[in-house]
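Open the model in your viewer and keep the sequence panel beside it. The stops below are meant to be taken in order.

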Amino acid sequence: MPKRLRSARVLVTAVASMAAGLLPAASASAAAGAAAHGSAAGALPLAPLSVTVQHADAHRGDLFVAPNGVPGRYASGVEILSPDGRHVVWSHTLPQGTQAADFRAQTYHGEPVLTWWQGTGLGALASGVDVVYDRHYRKVAEVRAGNGYTADGHEFLITRHNTALILAYAKRTADLRAIGGPADQQVIDGVVQEIDIPTGKVLFQWKAADHVPYAQSKQPLPKSATSPWDWFHINAVKEDTDGNLLIDARNTWTTYKADRRGGRVLWQLGGKHSSFTLRTAFGQKLDDAGEFFAWQHDPEPLGDGRYTVFDNESAGVANTGAGAVSELPYSRVVTFRLDPRTHRATLLRTDDQPTGLSATSQGNAQPLPGGHTLVGWGSLPYLSEFSPTGKLLFHARFPEGVNTYRAYRFDWR
């Protein structure tokens, strides 16, 4: 087992009953009453979703979104919408000045739960807490980062072992003279933690600077040593099919596979030191940098050595979204196969942003049953669903200025 580190603070209520499987099925009246949760008189509403493409073959799971607010017009919060996106199943608004991210349905001790992150500063030195709600829309747990860190909103994943994988950003000082920087540069490091939810103990911790050289960064050094350099920008951690971890870093253009016990990097795809030679299937193309992806998010294991990644292909200066640079004129989802034995990677399929736009930040691609893919287009106000052959089955958008960091479909009862 990994070495146990200092414990995180955690608030858990009613977890014992969840573990024992004692929660009853939600009634229709409970769901109806919960649909208005957080919508007090005079409060701002969550932004509406306008559907432009709705095909009969689209997946029937409910839509899970966390729309950000627009001051004076829309609140921030989390929302479950009907499969066609036209009706609210349940919503929950957050206090002004805070936002939510990574809202989804998960399973905890065999019971369905709702999870999300809420806080401030997503995309920078964020500070927040991960929350768990039961099927009656009651909060049953809060999960916080340990060892002096605060939880970042890019990922909150409940594992098959009923632990939580979360992320954190940490500011520190680094000697960067070896890569032409100052001896006292402020840097932002990426941290993965696995948390035991009932006790709050940190079971595993991985810090980017312990395993990845600063020279792998694609992000230019800032002009001042006191301006924190977001050299790594961790944005995802997943369990691969073998139980090891997939860790994604936007600012190195790399997905890393890390050993679940000691954290050693087993392979890396993309960026300056990829473990793989890249190839393309017929009809597929690399980006202008000769890569599968750039400034990417959300690696997802599909099995049989296949993976998807949300390929932003664009980013703003210092991840601000302003002054964007790009390696393709549009964002896409890439599907590829890796062969660690031969060190070959083959690009199998791409699903392009339907209107040819670039998402300069955020985004995800959720594998759905039957080979479908649900895509949240990050900083763009769109979400889409594609068939296994790339046909657009569903397309919708939020009002201008509103987006959801990720979007999902789940069969929620």
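**Before you start**

This is a predicted model, in which local features need pLDDT of at least 70 and side-chain atom pairs count only at pLDDT 80 or more, while totals for chains, interfaces and linings use all residues. Residues are numbered from 1 along each chain as its sequence is written, and side-chain values use heavy atoms, with hydrogens and water left out.

**Stop 1: the whole protein**

Show everything as a cartoon. The protein has two helices and 29 strands; these are DSSP runs (helices H or I, at least four residues; strands E, at least two), numbered from the N terminus. Now colour by accessibility. Of the 413 residues, 57% count as buried, meaning under 20% relative accessible area, with exposed meaning over 50% and partly exposed in between (1.4 Å probe, protein chains only).

Switch to a surface. The protein exposes about 16,400 Å², and carbon and sulfur atoms supply 52% of that area. Accessible areas come from the Shrake-Rupley method with a 1.4 Å probe, and for residues only the protein chains shown count as cover. Among contacts (heavy atoms within 4.5 Å) with a separation of 6 or more, residues 24 or more positions apart account for 57%.

**Stop 2**

Two strands pair if DSSP finds at least two bridges between them.

Which residue of S28 is the bridge partner of Ser384? The partner is His395.

Strands of a sheet pair through backbone hydrogen bonds, either parallel or antiparallel.

**Stop 3**

Next select residues 151-158 and 202-207, which are the edge strands S10 and S13. They belong to an open antiparallel sheet in the order S10-S11-S12-S13. Here the twist averages 25° from one strand to the next. Strand S12 (residues 185-196) runs antiparallel to S13, and five bridges join them. In this pair, Val191 stands opposite Lys207 of S13.

**Stop 2: two nonpolar cores**

A nonpolar core is a set of buried Ala, Val, Leu, Ile, Met, Phe, Trp, Tyr and Cys residues joined through side-chain atoms within 4.5 Å. The largest one has 25 residues, and Val192, Trp206, Trp231, Phe232 and Ile247 touch the most other members. Strands giving two or more residues to this core include S14 (234-239), S15 (245-249) and S16 (254-258). S11 gives the most, with four residues.

Centre on Val192. Among the residues that Val192 touches, leaving out those up to four places away in sequence, are Leu165, Phe204, Trp206 and Ile247. A second, separate core of 24 residues includes Ile158, Ala164, Ile197 and Tyr405.

In soluble globular proteins, nonpolar side chains tend to be buried together.

**Stop 5**

Select Glu155, in strand S10. Is Glu155 buried or exposed? Glu155 counts as buried because its relative accessibility is 0%. Its side chain reaches the backbone nitrogen of Val237 at 3.1 Å and makes a polar contact with the side chain of Lys238 (3.3 Å). A polar contact is a pair of N or O atoms within 3.5 Å; within protein, one must be able to donate a hydrogen and the other to accept it, and residues adjacent in sequence count only if both atoms are side-chain atoms. Glu155 also touches other residues, including Asp102, Arg104 and Arg406.

Move to Tyr108, in strand S6 (residues 99-108). Tyr108 is buried, with a relative accessible area of 2%.

**Stop 3: two loops with positive phi**

Most residues other than glycine have a negative phi, and most peptide bonds are trans. Select Asn162, in the loop between S10 and S11. Asn162 has a positive phi of about 65° and is buried, at 19% relative accessible area.

Finish at Asp304, in the loop between S19 (297-303) and S20 (306-311). Its phi is near 60°, also a positive value, but Asp304 is exposed, with a relative accessible area of 61%.

Technical notes: Axes are lines fitted to C-alpha atoms, for helices over the stretch in contact, and angles run from 0 to 180 degrees between N-to-C directions.
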